[in-house]
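Here is a short note for a first look at this structure. Please read the points alongside the model.

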Amino acid sequence: MDVGGRDGGSSIKKWDIIYPVYLNSKKTVAEGRRIAAAKACADPTCNEILDSCAYLKIPCKIEDKAYPRDFFQRGRVRVQLKNEAGSPVNPAIRTKISMDNNL
């Protein structure tokens, strides 16, 4: 699944990765959560992250890969925050942390 149309010629391997566990309020930091529990949601899915990226007008793509700490957890989302020149795709979103603050 792909949102944002074309990738602008940039390699998708250079895009940032977001695993759903990074945003899961039911997980601890040791289990992989990367944001504050108050800002996280319960059991997010790749499709919900994809919808959020579409809302923020950020190119993204779902990949069927396993989370390294729990290989039964399948799926991750690649997001393009910066283009080839290094400037942000969406000027309001410069990093994954600022993306979190805009949701």
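**Cysteines and salt bridges**

1. Cys-41 is partly exposed, at a relative accessible area of 37%. Keep in mind that this is a predicted model.

2. How many disulfides does the structure hold? There are 0. Take Cys-60: the closest cysteine sulfur is in Cys-53, 4.2 Å away, and that is too far for a bond, because a disulfide needs the two sulfur atoms within 2.5 Å. Cys-60 is buried, with a relative accessible area of 0%.

3. Salt bridges are present. A search of the whole structure finds 4. Side chains of opposite charge can pair when their charged atoms come close.

4. Asp-43 pairs with Lys-26, with the closest N and O atoms 2.9 Å apart. Both residues lie in the loop between β2 (16-18) and α1 (46-55), so the bridge ties together parts 17 residues apart in sequence. Asp-43 is partly exposed at 42% relative accessibility. Lys-26 is exposed, at 56%.

5. Glu-63 and Arg-78 form a salt bridge at 3.1 Å, N to O. Glu-63 sits in strand β3 (residues 60-67) and Arg-78 in strand β4 (residues 70-79), 15 residues apart. Is Glu-63 buried or exposed? Glu-63 counts as buried, at 16% relative accessibility. Arg-78 is buried as well, at 9%. A network of salt bridges links Glu-63, Arg-76 and Arg-78.

6. Asp-64 and Arg-74 form a salt bridge, their closest N and O atoms 3.4 Å apart. Asp-64 is in strand β3 and Arg-74 in strand β4, so this pair joins parts 10 residues apart in sequence. Asp-64 is exposed at 57% relative accessibility, and Arg-74 is partly exposed at 44%.

Technical notes:
Residues are numbered from 1 along each chain as its sequence is written. This is a predicted model: local features need pLDDT of at least 70, side-chain atom pairs count only at pLDDT 80 or more; totals for chains, interfaces and linings use all residues. Side-chain values use heavy atoms; hydrogens and water are left out. Buried means under 20% relative accessible area, exposed over 50%, partly exposed in between (1.4 Å probe, protein chains only). A salt bridge is a side-chain nitrogen of Lys or Arg within 4 Å of a carboxyl oxygen of Asp or Glu. Helices (H or I, at least four residues) and strands (E, at least two) are DSSP runs, numbered from the N terminus.
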